[in-house]
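Subject: Structure handover

Hi,

Here is the structure you asked about. Please open it alongside this message and read the two together.

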Amino acid sequence: MSGRILTYRQAVAEAIAEEMSRDERVFIMGEDVGKHGGAFAATKGLFDKFGPGRVKDTPISESVIIGAGVGAALTGMRPIVEIMYMDFICMAMDSIANQAAKVKYMFGGHVHVPLTIRTAFGAGRGNAAQHSQSLETWLTLIPGLLVVMPSTPYDAKGLLKSAIRNDNPVVVIENKLLYGESEDVPEAEYLVPIGKAAIRREGKDVTIIATSRMCKFAESATKKLVEEGIDVELIDPRTLKPLDMDTISASIAKTHRVVVVNEGHSTGGFSNEISSKIMDRCFYDLDAPVMRVASEDVPIPYNSILENEVIPAEKDILAGVHKTIEV
Amino acid sequence: MGKQLDAETLVDRYKLMLRIRFHEEAIKILFTQGKIGGTTHLYIGQEAIAAGVVAQLRKDDFISSTHRGHGHMLAKGGELKPMLAEILGRADGYCKGKGGSMHIASITLGNLGANGIVSGGLPIAVGSGLSAKMRGTDQITVVSFGDGAANEGNTHESMNLASLWKLPVLFLFENNRYAVSTETSRSMAGSMEKRAAGYDIPFSLVDGNDLEAVHFAAEDAIAYVRSGKGPFVMQGDTYRIEGHYYGDAMVYRTTEEVDTWRMNDPIQRVEKLVVERGVLNETDYQAIRNEIQQQVDEAVAFAEACPQPAIESIFEDVYTEWQA
């Protein structure tokens, strides 16, 4: 069945609306998610449809936004909480890392935490160092959390719906510069499974693994590489935790070369995690070292010329692929 | 004379306070014997607060507790055997040996957990209060916190939101005078009364070592919160007789100060009261003490005989399983 064109932000809002209609325990709270429709307009229309009882504007109190989400999730609700910019999770890290992620295990498994945490990340908008970070590895390192990072409107909707129905705390990391992207999104009900990567293009020469907005850069790089005669296989992990290593391993068994692209910093960013898991599982399939394309180890600068130099770009992906092919 | 508890309730609460005290005393012995890992924070000296507040909650009400949480759990209906089994890290403990002293919880008893993070329980209580309100029930949530947590940002975020949304949360401020080694006068500017007023939350202050005073103040606070008017802050002034953790050298306070508070022991005060009122004589309460001590001894024996958790359980309960 064909769909209609939806933007990424519309897909997010539609996922929330569908799940709120489906299950009265689902509600959303966060800063400016109500009448204002969210800082990135990703909750637009929800307030009018569901009212202030279920679409709740909160004070700027990130710790209690998420902590209250935990308390509500433990006692019969299925909250969606929004942290406007991912950088602001620093204000809420106890509620995420010490509470949401750990109560199930610490309490002997007798509880569930059906909590969805939505947040927006990423550089490229001139937002400077406190509104641009890619902090996903702070979350993936905490056992008990699931972490997803959709790169398309289709996945933004399907993964968010899966997150809301999941009985674990799921962090859904959206990208600020993808909110305006659009594509065909089916009207019929669908879910995108948590823990399953997408193969965006099949190829036999080299595997590019790219997350979130880096998929866009990888796609444009792939076009050029294919024109050069390099047959690229492009994988979008979609879920960072748990990472779909079956799909990644199968690809590397075929291509023997891999370039990992992630907007996080070169030190400690998620490209390292993917790379080390590849070393664990695929070392003997590799014909060349794993190439990583990541942000420089500096805060994100304000000036756009500097900013674009710090974060990965198409040219960096092309260079990474050329380097691995030359080996 | 203020209001008085009826004889039956008084004896019931006395027994609860003894259960808490003897449970904590048993932990001291187990700790000294090297049978308890990590650290343990004892509730000795504060029993009148758990017994006066938490014990009168309904079974379907919620509590959110602290790292010094054994008393709250026992007052909410926790049983000695799985409590002590958990503190010994055994498979039959409340948390299958994975939580320990600082994380005892039971969703069926309405305990949303002791909490190893100072102030970590307050946002959770706000969420539990929000949940009750959204589900249209009259359940309330009592969140205990100390003078240490009073100065955390969480506490202010939580009081603000609870008041703003008129959530059924009773903020139970147990001022036990010390945040680890730092006395309240060196950590807290202003007062909790003024802070509560700042958030437009009603407030009461009681002698936290006086069971009846605590009980009746809590009765009023609980009624207010349950009526849907919003949160309430209740302060009980008390004293942590033991150190921050068991084994603390307590160089930050004098023996004289501790001895003064020992003279104000909440359990001795109840024993004096029951004799004065003719509810029990000394022989009666000695018999009760023996009975409770025996329960605790049996629970210790049970806990020590409990199996260790299976190694495979390491990987259990990290996640709730989901359909891919």
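Below are the ground rules, then the findings.

This is a predicted model, in which local features need pLDDT of at least 70 and side-chain atom pairs count only at pLDDT 80 or more, while totals for chains, interfaces and linings use all residues. Residues are numbered from 1 along each chain as its sequence is written, and chains are lettered from A and ligands numbered from 1 in the order in which they are written.

Chain B overall

Chain B has 11 helices and 7 strands. These are DSSP runs numbered from the N terminus: helices are H or I with at least four residues, strands are E with at least two. The radius of gyration of chain B is 19 Å, close to the 20 Å of the globule rule for 324 residues, so chain B is as compact as a globular protein of that length. (The radius is taken over C-alpha atoms; the rule is 2.2 Å times the number of residues to the power 0.38.) Along the principal axes, the C-alpha atoms of chain B fill a box of roughly 65 × 50 × 40 Å.

Of its 324 residues, 53% count as buried. Buried means 20 or more other C-beta atoms within 10 Å of the residue's own; exposed means 12 or fewer; partly exposed is in between; C-beta atoms are placed from the backbone.

Where the chains meet

In chain B, 37 residues are in contact with 39 residues of chain A. Contact means C-beta atoms, placed from the backbone, within 7 Å. Helix 5 (121-135) and helix 6 (153-164) of chain B are the elements that give two or more residues to its side. Helix 5 of chain B gives the largest share, 10 residues. By class, the chain B side has 19 nonpolar, 12 polar and 6 charged residues. Nonpolar covers Ala, Val, Leu, Ile, Met, Phe, Trp, Tyr, Cys and Pro; charged covers Asp, Glu, Lys and Arg; the others, Gly among them, are polar.

The core

The largest nonpolar core has 187 residues, and Val148(A), Ile208(A) and Leu170(B) have the most contacts inside it. Such a core is a set of buried Ala, Val, Leu, Ile, Met, Phe, Trp, Tyr and Cys residues joined through C-beta atoms within 7 Å. Helix 1 (residues 7-32) of chain B gives the most to this core, 10 residues. Leaving aside neighbours within four places in sequence, Ile208(A) is in contact with residues including Ala218(A), Val232(A) and Ile317(A).

Chain A domains

Chain A is divided into domain 1 (4-185) and domain 2 (198-326). The bounds come from an automatic or database domain assignment. The domain centres, taken over C-alpha atoms, are 26 Å apart. Their contact takes 24 residues from domain 1 and 22 residues from domain 2.

Two local details

Helix 3 (residues 62-74) of chain A has 13 residues and should span 18 Å at 1.5 Å a residue; its end C-alpha atoms are 19 Å apart, which agrees. (The expected span is 1.5 Å times one less than the number of residues.) In this helix, 13 of 13 residues are buried. Gly76(A) follows helix 3 of chain A and has a positive phi, near 110 degrees.

Arg226(B) lies in helix 8 (residues 211-226) of chain B. Arg226(B) counts as partly exposed, with 17 C-beta neighbours inside 10 Å. Leaving aside neighbours within four places in sequence, Arg226(B) is in contact with Asp138(B), Ile140(B) and Pro168(B).

Best wishes

Key: Contact = placed C-beta atoms within 7 Å.
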